[in-house]
Each structure stands twice: as structure tokens, then as C-alpha cells.
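Hello,

Here is the structure I promised to hand over. Please open it first, then read my notes below.

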Amino acid sequence: MSRPILAIGDALRHGGREWTVAGIEGALASGARIWLADKNGDGSLAVFALSELLRDPGFGPMAGPRLRVPQVGLLSTVPENQQLRALDLERHVREVETGYPTPGGKGLVKPQYDPAVTTLAQREQAKADELAAQGWPRVSRATVRRWRARYQADGVWGLVVKRRGSTRLERADARVVEALRALLPEEALRSRSRGWKKRMRRETQWWLDARHGEQSVEVPAMSTFNKLLDAVEESLGLQGTVAQRRARAARPAPPFKPTLALRPGEIVMMDSSPLDVLVVLDDGVVGRLELTTAVDVAVRGLWGVLRPAGTKLTDVAVLLAQMMTPVVMRPGWDAALSMAASVVPHERLTAVDERLKDAAARPVIVPETVVVDQGKVFISPATRAACESLGISLQPVPPANGPAKGHVERGFGSIGTEFCQWLPGFTGSRVSERGSRVEQERLWTVSELQALWEEFLVHWHHRPHEGLRHPLMPKKALTPNQMWAALLPVAGYVPVPLSADDFVELLPVRWQPITDAGVRFDYRTYDGPCLNGHRGQGSGVVSEKGRWEVHYNPYDPVRIWVRLPEGFREVAWIHATSVDLPFTHHVWEYICKVVERTGSREEHEAELALALDDFLKRAARKEKLSAAERRVAAKSRASGAVPVLVPAGELNVLDVPAPSFGLAGVYAVPDLDDDTVPDTYDDGDEGEDILGFPDEEMEAGRSAGCHVLGDTEAEEDPWLP
């Protein structure tokens, strides 16, 4: 089929007016100019460059069908006889509209199809009579008109006979389908347990009654409704498990783009998850640890904090300190793990930051944006205050949207593959993968697991990562240390030494008034001479109604830090001398639950201090404790409380044990409906412990001769899903 060429006398449409081609200058292939004369004969002339005229959306022929390229791909999906029929119909349609069966046709025009002497209606009727005489069944003028409309809309493909039955969604009442499309995503986002279809049928009827009136719309019969429900679920992609439905309903609208970070610290993702390993907490109590990790998108760096499961503590501040502070080589670590033996330009970095002299080969970055989920531990005031104090942007993702922070989510799978599965007490990622006698293995203690975890974090940065590629070496997977070394010349390195006040800033904060008795919260009173002159006075912070900013350490509740006009000042608990041993916040909360208040606030606080001291001494002497007391003591000791020391000068973070860097942790301020409140304690000696095992089954031997696993490459285990 040849395309027609513009010729003098052709009618065109441009600028809302009708024109006639009056002349053509130059060759059409080399910037021709077109002269147009007004069709009304008023003598108006216009000249256009051919390229300019063709780019104008208002330009087009006055009559005749638009030229369409046959949809070869679509036509190939139907039988050959249907293809030939569609191409034959195209010639008939063109003959009706232009008088010629092919574009640019020449020769005589049949009188019944001559546009100069017949109307379009007459030509349509003539074509219907002609086809009927040739034996075409059921052809009328309306049939020819439908062919023309389909050809104008879809070209040759519109002339193909397409017979298909209507789908179940098309046959159903649109209002019932609308109700199901509204209810199913709502249930998926709430993570509601999947019930029976009978319940969904009743909820659909309630939804219709609320919006269209009682008995205005009836849901179909049960069998029809069940099939319709399956069809709607399939169209929305909400089939599968509850977790799969929630992820599908919460994901943003496509297209999806990969998260791109071009410099270390540009995007850091954080999340928490229970570690799939059982450990011995204390006195034979078996439990699981909670792992809070951070992953840098640019270099795939990994940092993590291990805490006893169930404490619900905010360890964001600890992770921030880990990322910005070098980790010192530990005794017994291989020299190959040191930064001096790595690809990182150690000498040049040491000239800028002396802390890197004896550091292990692990990136040191300053986060710019931290991506977290909607967990209370991440969006708590303590987390926001810690990020704001360091100039970090906190970016929560939409609820139940794991793909928005897929790097850290995938990191938990790698930790399970490279770390957890090699340890005794490995529970698997789900109950169906757990062994029948995992709790009876020779489990590790928290300190042993913590030491191995610290070394694993350094090993991680020596392991090639498939997501790290250099433009000059696209086929080679780089390690996080290699990518960090490659980005250092581009992004640079600026050390950020944290002072004593910086560590206090990272601690959780609450706002309290300073009264004549001092600062009171959680049934504890803090007082000191530094508060004189500020008692009963406002802080000047209008948004907090004049209350004062107080920072506290949940792992060391015997002191707080109050921001006074002259800076932070440490204030001690008035009963600190009555308690000889260190304790943590969940020990204090347990004492508050079991000691009944009988007198005034001051008397009750003194009774709590005496009960706390008695409990700590009994636990230290290994006396017989109840199941609840054993759990509390085990969690307290497993937390590894490290008090925050605030000397007069700078704090040497290299002298502080690695996981805390002078911080024992961060704890969000608990409220009555917060999940940070500890589990209900059982005062009895008998019953089940935190994992549901009877007391006599909770005894487990501690491991002896623990060794470091030195695998550096992922293994393919075909028996794992």
C-alpha cells in the first residue's frame, strides 16, 4: 500500500480553517515549502515549511480515512481467513469514503461511489447492496457505518471479528464489585485474619446498605458471590497469605524505581527483628535476642545492636554512634580484618582522623537520611530528638510497606544465611522450619554471641556483594570496603567526634518540671544543688509549657541529665545510696508492679528502693527466685548495662566497649497503651516461661570452647526454601 503525495488542489485543514494546496516549492525530502490558499476564495495565502506544518496537531486532510499501518502483531494472533476478511473490508471502507479501494488510487471511480455526485449515506447503502448481492450475510447500511467507525478507531484490527463471552466481573452488579474492591484492600492493610467467605458476604451487604439504603442492592447467592469474590481478589492481586495480601495492598503505585545512593550515608535504612537463635540469658533462662540493624544503601555497610527480646528498646542512638565511630580491633581478631590491611586508604584517613589508627576495616559514615518503618521505637520522640541533634533527616515509610526499605529487609535474610544458621539453637525463620529439640542444644550465652556478632560485622564488609558494581568493572562484585574506598575520593571523609554532650543528646528525652523536691518521674525523685535557682521556674520553652528537658539512661536509672541555661548537669537519684547494685528500667518496673503503695509518695518511693535493693542482692547471691524474678534478672544482666560516664572533658569513645560506645541504649517513654510496657509478670514459682517452656525444661548447658566461623562466601543450600 503506497502513501499518497500532497498535490496541488488537495483540501487541507489547518488552524481551524479549510485550505487548498496552491503550490509546492523544493523537494519534499529537503525542506519543502507549502503554499496554502483559503478555500472560501477570499484571496488569503499562507506559506509554511513542510516540517513545521506536519508538527502542527491541527493539520490534517479534510476528507478520507486516516492512514493506518496494519497492526501486524495483532493480526498474527487470528486465523488467516480472518486476516484476509479484515483487509478486504478495509478496501470496501476506503471505497465508500474516497471512491477508491486503495490509498492514492487512480482511474475511473464507480458512479455509485463518486464523492462528487453522491452523499456518504448513498455510498454506504450502495456498498451494502453490493456486498449483499455477492452473498455477504446480514449486511445493511448500519453495518457499513459500524465498519467505518471501527476502522477510524482501531484501523484494520477493528475490522477483525472478535467473539468472546463477558467475564464474571462484567456480568456482576457494578455496585457489588465496587463494595468488594473497597473492602478487600481495607482488610489487607489492617492485616486482618482471613475468615470465611460467608463473613465477607455479610460485610458486603452492610456496606451496600450503608451507601445505597436498606434492601436497595442485594448481594448474589452464596455460590455466585464466592466466585465473584475470587475474581475480585485475583484482579486486585490480593490472593495468598495475610502477609502477601498486606504487602500487595500497601505497595505504592508502579512503576517502581530502584533506590539510588551515590555517597556513603546518603540513605540509611533501619529495622528490628528477633534473632533466629536461642541463647542462655542467665541462670539457665533461655530466650531470644532482638536485632536492630542499619544498612547503608551506597556501600551496603551493616551495623547492628543485640538486645534481649521483649525489651522494646530504641537502639537507634546506639546505631548512629556505631556508624560515626570506628570500631577498635579486638584481641584475637585476625590482622587481615584491620583497616591498615584493607583496600581503604588507611594512611590518608589516619592523617585526618587519628581514631582510625587501630580500627577494624569497617566504613565510618555520617547518615544524612534514615529510613524507618512505623514502629513505635523508630518514630518515638527519643528517636526524633537523636536524629535532630545530629542533623539527620528521619523518613518513615508508609505503614506495612516493607519494599520501601527492601535493603534492610533483605539484610535479615543474609544474616540468617551467613550467621544464624551456623549457631546452636538456630530456630529457622518460621515455625515449620524449627527442629523438635532446638532448646536442648548446647546454647551460647549472650556475651559469647555478642563477641561473635561484633566480629561478624567486620567480616561482612570483606564479603563481595552482588549489588555493588563499579562502572569500570561492571562484571566484578565489590565488597562494602572496596565500594567505600571507591567513593571516598568522590564524597570525601569528614570525622565527626562525639563529645560528652553529644552522647547525652542521643539519650531519650522527656520534659519535666523542676519542683522544690527536684525532678520526679516513674516513682523516682532526682535532686541536686545544681537545680537551685530553677525550682518552680519555667524553662522558656513555650511548646512544652515551661517544662525542662531531661535526658535519662534506661540502663542506668540512678542519674539523669537536665539541660540548664549553663548546659547539661547530672542529677542523681535521691535513693541511689540505698541500692548497692546496678539495675535497669525493667527491673524497676517489675518492683513497681509487685510493691503495693500504702503511704505517701515519698514513703512509697523509699519502700520501692528497699525492695529493689533486696531483690538485687537475692539475685546476686543466686538465691531461689520465682519464675518472674528469674526472667527479670536474666533480662537485666543480658542487657549488658554500661553506665554513661560524663567526664569534664571529651569522651574517648575508643575506650568504651563496642556495642554501646558509652551508651547502654535508648528507651522510648512508655505510656499506658504502648507496647514498650513489659509483659505481665507471674509471681508464682511454677508455670511457663517466656518461650512457653515449663521451668524444668528451661535449664540448658552453656557452651564451651566457642569458635569463630570464618566463612566469607554464601553457600547454596538446595534443601532450603
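**Salt bridges**

The side chains of Glu266 and Arg263 meet in a salt bridge, 3.8 Å from N to O. A salt bridge here is a side-chain nitrogen of Lys or Arg within 4 Å of a carboxyl oxygen of Asp or Glu. Glu266 counts as buried because its relative accessibility is 19%. Arg263 is partly exposed at 36%. Buried means under 20% relative accessible area, exposed means over 50%, and partly exposed is in between (1.4 Å probe, protein chains only).

Before you go on: this is a predicted model, where local features need pLDDT of at least 70, side-chain atom pairs count only at pLDDT 80 or more, and totals for chains, interfaces and linings use all residues. Residues are numbered from 1 along each chain as its sequence is written, and side-chain values use heavy atoms, with hydrogens and water left out.

The structure holds 34 salt bridges. Arg469 forms one with Glu466, with the closest N and O atoms 2.5 Å apart. Arg469 is partly exposed at 33%, whereas Glu466 is exposed at 60%. Asp580 also forms a salt bridge, with Lys617, at 3.6 Å between the closest N and O atoms. That pair links distant parts of the chain, 37 residues apart: Asp580 is in the loop between strand S17 (567–572) and helix H18 (585–594), and Lys617 is in helix H19 (residues 601–620). Helices (H or I, at least four residues) and strands (E, at least two) are DSSP runs, numbered from the N terminus. Asp580 is exposed, with a relative accessible area of 53%. Lys617 is partly exposed at 31%. There is also a network of salt bridges, linking Glu97, Glu124, Arg141, Arg145 and Arg148.

**Aromatic pairs**

A search of the whole structure finds 11 aromatic pairs. Rings of Phe, Tyr and Trp (its six-membered ring) pair if their centres lie within 6.5 Å; planes under 30 degrees apart count as stacked, over 60 as edge-to-face and the rest as tilted. Phe419 and Trp453 are edge-to-face, because their ring centres are 5.3 Å apart and their planes are at 70°. Phe419 lies in the loop between helix H14 (406–418) and strand S11 (444–445), and Trp453 in helix H15 (residues 446–460), so the pair ties together parts 34 residues apart in sequence. Both Phe419 and Trp453 are buried. Phe583 and Trp588 form a tilted pair, 6.4 Å centre to centre with 35° between the planes. Phe583 is buried at 2% relative accessible area. Trp588 is buried at 2% relative accessibility. One aromatic cluster is formed by Phe419, Trp453, Phe456 and Trp460.

**Asp373**

Asp373 sits in the loop between strand S9 (369–372) and helix H13 (381–389). Asp373 is buried, with a relative accessible area of 18%. A polar atom of its side chain lies 3.1 Å from the backbone nitrogen of Gly375. Leaving aside neighbours within four places in sequence, Asp373 is in contact (heavy atoms within 4.5 Å) with Asp271, Phe378, Ile379, Pro396, Val397 and Lys405.

**The chain overall**

The protein chain has 20 helices and 17 strands. Of its 721 residues, 45% count as buried. Among contacts between residues at least 6 apart in sequence, 65% join residues at least 24 apart.

Best wishes

Notes: A polar contact is a pair of N or O atoms within 3.5 Å; within protein, one must be able to donate a hydrogen and the other to accept it, and residues adjacent in sequence count only if both atoms are side-chain atoms.
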